[in-house]
Amino acid sequence: MLENENLHDEKLESSKKSLLAEQPEVYQDIQENNFNISKDDGDNDEHEHSIENADVKVNEEIHDEKLEEIKRKCKFKQEYVDNKVILSVNHLKQYFFFGKGANKYKLKAVHDVSFQIHEGECFGLVGESGCGKTTTGRSIIRLYNITSGSIYYKGYRIGAGSRWNEKEIKYTKIRLKRKLTELATSLKEGKISQEEYDKEANSAKEHANNIIKVQKAKIKQIKHDNTHVDPKLMQEIQMIFQDPIDSLDPRMTVETIISEGLQIQGHHNRAENHKKVVEALEKVGLIEDYTNRYPHEFSGGQRQRIGIARALVMNPKFLICDEPISALDVSIRAQIINLLNDLKEEMGLSLLFIAHDLSVVKYFCDRIAVMYFGEMVELATSDELFKHPLHPYTKSLLSAIPKPNPLTEKDRIRITYNPQESHDYSVDKPKFVEILPGHWILANNAEIEKYKEEIKELDIKASQEEK
Ligand SMILES: Nc1ncnc2c1ncn2[C@@H]1O[C@H](COP(=O)(O)OP(=O)(O)O)[C@@H](O)[C@H]1O
Ligand SMILES: [Mg+2]
């Protein structure tokens with residue numbers, strides 16, 4: 001066992017070396033964040049593939065017409081439209097693979113993230129650097145082929161990954177083999193008759209075939225959907241990138257930068273494009289004269305405005321703002337936030353607002369999701385999250401916000417979060433549960449009880465303070 005582990009470590013080291021040569025930035029990031037890379041043997045995923053998880057019932061009959069119908073159309077869910085859910089991210093997983101063959105390793109940048117954003121809502125995604133926020137945003141605008149999970153926009157599936165389904169087929173085959181060996185042993189030992197053996201074996205085979213048939217159809221559908229995404233629909237989703245300096249090409253004029261998206265979408269009428277560019281510039285508080293200038297002639301705040309104009313020119317309905325103010329001076333942060341707020345009202349936008357600290361999203365967002373290392377740990381409305389912060393990681397983020405009152409600021413203690421110390425998930429595994437209406441938290445059974453007590457205490461404390 002120990003020998004094996006050593007071997008594993010050696011392999012990991014050699015793989016890290018090749019990564020350093022091939023993708024130095026990723027390597028550095030992994031080193032700095034002390035990232036857990038694991039070998040991609042896939043076997044550690046088996047717990048996700050229990051019989052209960054396979055979404056096909058044993059006796060469900062699969063008619064070929066039904067499969068044909070699935071294949072013809074892209075997946076669409078009316079319930080999202082009915083419930084005014086503009087974007088739904090379901091069990092999103094985004095892994096990055098590096099190395100080859102036996103040295104293949106995976107980095108779980110996003111590991112099981114689910115959330116829904118309603119029309120007109122501003123949804124905050126908060127977590128420390130490297131926890132997978134940008135990757136989530138980039139997956140939504142289809143910059144990556146997602147590994148697993150699905151993304152729906154206005155009811156249409158705009159992205160899906162098939163890794164889960166492929167693994168489900170693999171484990172179904174493994175389980176069938178196991179079952180058949182078990183049955184064969186029982187037959188040999190005389191525990192069951194030949195007749196019983198035949199019956200059980202056939203039913204096991206049929207069950208496995210049904211699962212495999214459904215999963216194969218789903219994979220086909222996923223491939224179909226991924227290649228048939230409506231570009232007009234995707235145009236409605238725009239992203240403002242994290243870094244206003246790096247995200248603008250220094251050799252392009254403001255006009256070319258902003259109109260690039262229009263060109264890609266096939267709008268080649270120069271006069272019309274110019275008009276749209278000027279309109280977008282005006283919306284973000286800049287003037288027509290700037291169109292012939294280059295990005296380096298502008299300040300950070302102005303560059304971020306250009307980045308916003310580039311998104312607005314496409315007439316978006318859904319805007320992903322990836323830490324739009326992190327790189328800016330404190331004095332202009334409020335300007336950009338106010339601008340986004342005005343645009344949201346004016347254009348009826350829904351927003352996904354990504355930030356690395358809670359103070360930014362507190363007043364701006366309707367609901368906030370807290371992410372830690374690729375996983376969502378808490379989700380609630382802004383008011384509720386600040387009223388009942390429960391997860392130790394959320395508490396640690398809250399403790400990082402400076403207080404405006406110098407007397408209380410002096411006593412502020414920064415809480416550090418260490419998952420090994422805070423949780424014991426060795427036996428009782430955590431689930432994402434709704435602890436109060438609309439307030440979700442990643443916790444196991446023991447923690448749920450503890451958090452419920454905490455809610456009571458916080459309520460008592462708040463009512464005492466009111467008096
Ligand atoms: N294209 C990529 N290839 C490999 N690893 C990546 C890639 N993009 C991001 N990562 C890794 O995924 C993790 C999450 O990154 P990111 O989503 O940018 O975090 P955040 O935006 O929360 O700071 C990081 O460890 C990063 O190194
Ligand atoms: Mg980021």
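Begin by selecting Pro295, in the loop between α10 (270-283) and α11 (300-312); helices here are DSSP runs of H or I with at least four residues, strands are runs of E with at least two, and both are numbered from the N terminus. This is a predicted model, in which local features need pLDDT of at least 70 and side-chain atom pairs count only at pLDDT 80 or more, while totals for chains, interfaces and linings use all residues. Residues are numbered from 1 along each chain as its sequence is written, and chains are lettered from A and ligands numbered from 1 in the order in which they are written.

Is Pro295 buried or exposed? Pro295 is buried, because 20 other C-beta atoms lie within 10 Å; a residue is buried at 20 or more such atoms, exposed at 12 or fewer, and partly exposed in between, with C-beta atoms placed from the backbone. Next, display Leu248, Pro250, Arg303 and Ile306, which Pro295 touches when residues up to four places away in sequence are not counted. A contact requires C-beta atoms, placed from the backbone, within 7 Å.

Proceed to helix α9 (residues 254-264) together with α11. Their axes come within 7 Å and cross at roughly 35°; axes are lines fitted to C-alpha atoms, for helices over the stretch in contact, and angles run from 0 to 180 degrees between N-to-C directions. To see the contact, select Val254, Ile257, Ile258 and Gly261 of α9 with Ile306, Ala309 and Arg310 of α11.

Centre the view on Met371, whose contacts beyond four places in sequence include Val113, Leu125, Val126, Cys131 and Val377.

Then select helix α7 (residues 194-227), which has 34 residues and reaches 49 Å from its first C-alpha to its last. Its buried residues include His207, Ala208, Ile211, Val214 and Gln215.

Finally, show the whole chain, with its 18 helices and 13 strands. Of its 467 residues, 30% count as buried.

Methods
Two residues are in contact if their C-beta atoms, placed from the backbone, lie within 7 Å. The expected span of a helix is 1.5 Å times one less than its number of residues.
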